Each structure stands twice: as structure tokens, then as C-alpha cells.
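This report goes through one protein model for a reader who has not seen it before. The sequence and the structure come first, and the description follows.

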Amino acid sequence: MVRRREEALPGQRSERRLTSIEGGRGVGQEAAQEDPGAGAPREQARMWHVVLSVAGAATPLPELRTALEKLAHDHSFFLTARYAADHAEVRYWEEARDLHDAAAIALRLWGEHKASAKLPAWEIVGLEVVDRPTYHKRVAEGFGDPPPQLGGVHPY
């Protein structure tokens, strides 16, 4: 499954590939693949689990919930959001070449969707980005469990 991202610039392609299905890069496969057009190795994107924490001035809860639901609708691979009047936490999967790229995308997420989703003018106060194997290892070991309510937007 290939999806085109809205933020791709004209003349550029930005693809997301599900790695859990045939055709995606699974665990144990090489990170580089031959680029049929250039004949040179091309690095494949990997999945990264992101937890973005934001905080700021108190916002009416119905408005905040609506904004977070709009963000969930607009952003691919969205998992869940938890919120209170003055802070929120958004969990999702990001596809990126490496940790640096995944973190850079995550740090832009709130600002890029602020107007379209009508998100409050909050600042990012925390960011965690881990690769897929690390995330699954943590969950298997009982650490870093996912929130009790996966999927959707929920109050704390």
C-alpha cells in the first residue's frame, strides 16, 4: 500500500509504505534496496513510534477534542491522543529513513496542523521516538505499555 503525503513538494514524491505487509521492509531485511531508475542503493524508510507531548494555556475541552480528532483524521498512522485542558499527548507511527528524520517530522507536526485542525497555540514539551523493534520489545517486557484506550481521542 502506497500513500502520497500532502506535504510533498511539487515534482517530489513522498511515500509511506506499510512494513507489516508483503512488499514493505520487514525486520531482518536490508535497509538499502536497488533503485531501479538509478541502479544505486536507495535507503528504505522504517517505522518509528512517536509520543509527542504538548502543553499551554487552558483550552475548552470540547474544542480541544474536536481539534485532536481532526488531527487524527489528517495524519496517517495516528494511534491515540490523551488530553486535559492544558496538555495533551499524541501517539502515532511515523515512517522515516532514520531517527533524525522521524524526530524532525514529529517536531513539525503540531505547528503544521495548527491552522487546519484548529489546534491550540501550545508548545511541544516532550518527544519520544523509538524504532519498531524497541517499541515491541518494551511492550513485551511490560515497560512502556500502550495507553489503556488504543485508538481515538480520550481525556486523561
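Predicted model: local features only at pLDDT ≥ 70, side-chain atom pairs only at ≥ 80, totals over all residues.

How many of the ten residues of strand S7 (residues 87-96) are buried? Nine of them are, which leaves the strand mostly covered.

## Overall make-up

The protein chain has 156 residues, of which 33% are buried. Three helices and nine strands are found in the chain. Read from the N terminus, their order is β-β-β-β-β-α-β-β-α-β-α-β.

Among contacts between residues at least 6 apart in sequence, 64% link residues at least 24 apart. The chain exposes about 9,200 Å², and carbon and sulfur atoms account for 54% of that area.

## Confidence

Mean pLDDT for the protein chain is 78, with 68% of the residues at 70 or more. Strand S8 (residues 123-131) has the highest confidence, at a mean of 97, while strand S1 (residues 2-4) has the lowest, at 36.

Over residues 1-36 the pLDDT stays under 50. For this stretch the model has 63 contacts beyond four places in sequence.

## Strand S7 and its partners

Strand S7 pairs with strand S5 (residues 46-55) through ten bridges, and the two run antiparallel. In this pairing, tryptophan 48 stands opposite glutamate 94 of S7.

Strand S6 (residues 78-84) is also antiparallel to S7, and six bridges join these two strands. A hairpin of two residues leads from S6 to S7. Alanine 84 has histidine 87 in S7 as its bridge partner.

In soluble globular proteins, nonpolar side chains tend to be buried together. Here the largest nonpolar core has 26 residues, and those touching the most other members are Leu68, Leu71, Val90, Trp110 and Leu119. Elements giving two or more residues to this core are S5, helix H1 (61-74), S6, S7 and H2. The largest share, seven residues, is from H2.

Beyond its neighbours within four places in sequence, valine 90 is in contact with Val50, Val51, Leu52, Leu68, Leu71, Phe78, Thr80, Ala81 and Trp110. There is also a second, separate core of five residues, among them Met47, Trp93, Val130 and Tyr135.

Is histidine 113 buried or exposed? Its relative accessible area is 14%, and because buried means under 20%, histidine 113 counts as buried. Histidine 113 belongs to helix H2 (residues 99-117). Apart from residues up to four places away in sequence, histidine 113 touches Leu71, Asp74, His75, Lys118 and Leu119.

Threonine 80 is part of strand S6 and is buried, with a relative accessibility of 1%. A polar atom of the threonine 80 side chain lies 3.2 Å from the backbone oxygen of glycine 152. Proline 60 sits in the loop between S5 and H1. With 44% relative accessibility, proline 60 is partly exposed. Proline 60 and proline 120 are 60 residues apart along the chain, and their C-alpha atoms are 9.9 Å apart.

Notes. Residues numbered from 1 in each chain as written. Heavy atoms only, no water. Buried < 20%, exposed > 50% of the residue type's maximum accessible area, 1.4 Å probe, protein only. Helix = DSSP H or I, 4+ residues; strand = E, 2+ residues; numbered from the N terminus. Pairing = 2+ DSSP bridges. pLDDT = per-residue confidence, 0-100. Contact = heavy atoms within 4.5 Å. Core = buried A, V, L, I, M, F, W, Y, C linked by side-chain atoms within 4.5 Å. Polar contact = N/O pair within 3.5 Å; in protein donor to acceptor, adjacent residues only side chain to side chain. Areas by Shrake-Rupley, 256 points an atom, 1.4 Å probe, with all protein chains shown as cover.
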